[in-house]
Amino acid sequence: MQLPYAEPFKIKMVENIKKSTKEERLEWIKEAKYNLFKLSSDKIFVDLLTDSGTGAMSDQQWAELMLGDESYAGSSSFFKLKNTVTNLLGLPYFLPTHQGRAAENVLFSVLVKEGNFVPGNSHFDTTKGHIEFRKAKAVDCTIDEAFDTTVQHDFKGNIDMEKLENVFKITPKEKIPFTLITITCNSSGGQAVSMENMKAVRKLCNKYGIRVLYDIARFAENAYFIKKREVGYENKSIKEIVKEMFLYTDGAVMSSKKDGIANMGGFIALREEEIFTHACTYNIMFEGYITYGGMSGRDMGALSQGLKEATEFDYLESRVGQVAYLGKKLKKYGVPVQEPFGGHAIFIDLKRFLPNIPQSEYPAQLLAVELFIEAGIRGVEIGTLLADRDPITRENRYPKLELLRLAIPRRVYTNNHMDYVAVALKNIFDRRSEIKKGLEITWEAPIMRHFTVELKRA
Ligand SMILES: *Cc1c(COP(=O)(O)O)cnc(C)c1O
């Protein structure tokens, strides 16, 4: 019999979490105006709000905290991190930033101008925000298969080459600063991009003389999917696959809070010296001197170690394996989920879970509320609340996918927690016909409303 995977670590320290009663949770969620961001974390039993900055560091990473060099300029921790990044990615120029959106802010200050177009697969929300803030437009060229959760496709993060070439044909070249590939594609459900697609994008961009950049928050999970699913990569190591992925890009922005397994951090990696030189000025203005960029020395050390661990096959097998474990359980119970399962999260399809609740009553938020009441679990709505209003008409924008995301923190929960989550969702799914009314907004901010919105039962 083939041996199953098991976590390539054992547990040295634990953090206690507390159960609560349904009565308490009913009271708390009402006080929080049915917005789970307003709940304090001590009220949560299993927190699947995000995989960002919530991972558990290894003993080696904690040891790095003691070795941190806090020199303002030229610290050894900076060089340690820079060496790790250049060795892993093969990109020679490196700038640390305090997190992923800061990397976007610095690099886009150099590259994105008013009236520009930035094509790519589904852009992450802060990325889109930084593009739109500069009065430029993000153009979604993701393949159509990504928007149907019932379609099986190994690489739903892929860019549709026809859609991309269309953008190139109708837009003057100087208005496209770069094509951006988000790896894995968070917005379409933590979906992988194939090596073949990265190569094809590179080739087409070369033909039109356009730069390629990657948004690489989950590049290691993407490399794992390539190894498991793409012909020709089964015998390559994760680090070899990562190296090849980065042959096809001119640079990258990273949120180290994901596949860096760090609690905070980000960076920019570049091939072109000229852009790097410009970016240095903005880094100094917005983040800090170029050898720390908003990070402390100890955090750079921990990140350097985290990147090495995150690109180990055994780690990724247990990481992605745990997400799939939850996905399979839910599927067995009949709960409709996005397939294939994402690398960092399971996405529940509300158009199939609660088909009778219209998007105007925020069904994904409703399920998030129900799941908290049922079992003290916190997920996050990726649906109509998040899609916000059209900036001009002020009407609700109704996205193609109405999802509840259950993001799994790295190395934090056991599969018993996954069982607990799956049963809680099963219980709600079994009584879904009793759920007849959604939610309505009583107060919202003019932008990014999902963080602070106040709701009541409709
Ligand atoms: C998280 C994330 C970002 C933004 O990074 P922060 O560290 O949260 O600022 C950008 N792109 C993707 C794909 C992400 O997942």
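Two residues are in contact when heavy atoms of one lie within 4.5 Å of heavy atoms of the other. In this predicted model, Arg101 touches Thr126 and His130 in that sense, not counting residues up to four places away in sequence.

**Arg101 and helix α4**

- Arg101 is found in helix α4, which covers residues 100-111.
- With a relative accessible area of 42%, Arg101 is partly exposed, because that class lies between the limits of 20% for buried and 50% for exposed.
- Arg101 and Val253 are 152 residues apart along the chain, and their C-alpha atoms are separated by 8.5 Å.

**Helix α4 against helix α10**

- Helix α4 packs with helix α10 (residues 273-286) at an angle of about 130°, and the two axes are 9 Å apart.
- The crossing of α4 past α10 is right-handed.
- On the α4 side, the contact is made by Asn105, Val106, Leu107, Ser109, Val110 and Leu111.
- On the α10 side, the contact is made by Ile275, His278, Ala279, Tyr282, Asn283 and Phe286.
- Eight residues of this contact between α4 and α10 are nonpolar and four are polar, while no charged residue takes part.

**Helix α8 against helix α9**

- Helix α8 (residues 219-229) and helix α9 (residues 238-245) pack with their axes 9 Å apart, at an angle of about 105°.
- This angle makes α8 roughly perpendicular to α9, because the range from 65 to 115 degrees counts as such.
- From α8, the residues Phe219, Asn222, Ala223, Tyr224, Ile226 and Lys227 take part in the contact, and they meet Ile238, Ile241, Val242 and Met245 of α9.
- The contact of α8 with α9 is made up of eight nonpolar residues, one polar residue and one charged residue.

**A sheet of three strands**

- Three strands form an open sheet in the order β9-β12-β11, and the pairing is antiparallel.
- The edges of the sheet are β9 (345-349) and β11 (380-382); each has a single partner strand, so one side of each is left without a neighbour in the sheet.
- Ignoring direction, neighbouring strands of this sheet are turned by 30° against each other on average.
- Helix α14 (residues 363-375) packs on the sheet, where it touches β9, β11 and β12, and its direction makes about 45° with that of β12.
- Strand β12 (residues 403-407) pairs with β11 over three bridges, and β12 pairs with β9 over five bridges.
- Among the bridge partners in β12, Leu404 is the partner of Glu381.
- Leu403 in β12 is the bridge partner of Ile382 and also of Asp349.

**How strand β12 is covered**

- Strand β12 is mostly covered, with five of its five residues buried.
- In a regular strand, the side chains alternate between the two faces of the sheet.
- In β12, Leu403, Arg405 and Ala407 point one way, whereas Leu404 and Leu406 point the other way, and all are buried.

**Backbone details**

- Most peptide bonds are trans, and most residues other than glycine have a negative phi.
- A cis peptide bond joins Ile183 and Thr184, with omega of about -15°.
- Thr184 belongs to the loop between β5 (179-182) and α7 (195-208).
- Another cis peptide bond runs from Glu339 to Pro340, with omega near -5°.
- Pro340 is in the loop between α12 (313-332) and β9.
- Lys135 is not a glycine, yet its phi is positive, at about 55°.
- Lys135 lies in the loop between α5 (125-133) and β4 (137-140), and this residue is exposed, with a relative accessible area of 57%.
- Met448 is not a glycine either, and its phi is positive at about 50°.
- Met448 sits in the loop between β13 (439-443) and β14 (454-457), where this residue is partly exposed, with a relative accessible area of 39%.

Definitions and conventions
Residues are numbered from 1 along each chain as its sequence is written. This is a predicted model: local features need pLDDT of at least 70, side-chain atom pairs count only at pLDDT 80 or more; totals for chains, interfaces and linings use all residues. Side-chain values use heavy atoms; hydrogens and water are left out. Axes are lines fitted to C-alpha atoms, for helices over the stretch in contact, and angles run from 0 to 180 degrees between N-to-C directions. Helices (H or I, at least four residues) and strands (E, at least two) are DSSP runs, numbered from the N terminus. A crossing is left-handed if the near helix is turned anticlockwise from the far one by less than a right angle, and right-handed if clockwise. Ala, Val, Leu, Ile, Met, Phe, Trp, Tyr, Cys and Pro count as nonpolar, Asp, Glu, Lys and Arg as charged, and the others, Gly among them, as polar. Two strands pair if DSSP finds at least two bridges between them. Buried means under 20% relative accessible area, exposed over 50%, partly exposed in between (1.4 Å probe, protein chains only). Angles under 35 degrees count as roughly parallel, over 145 as roughly antiparallel, 65 to 115 as roughly perpendicular and the rest as oblique.
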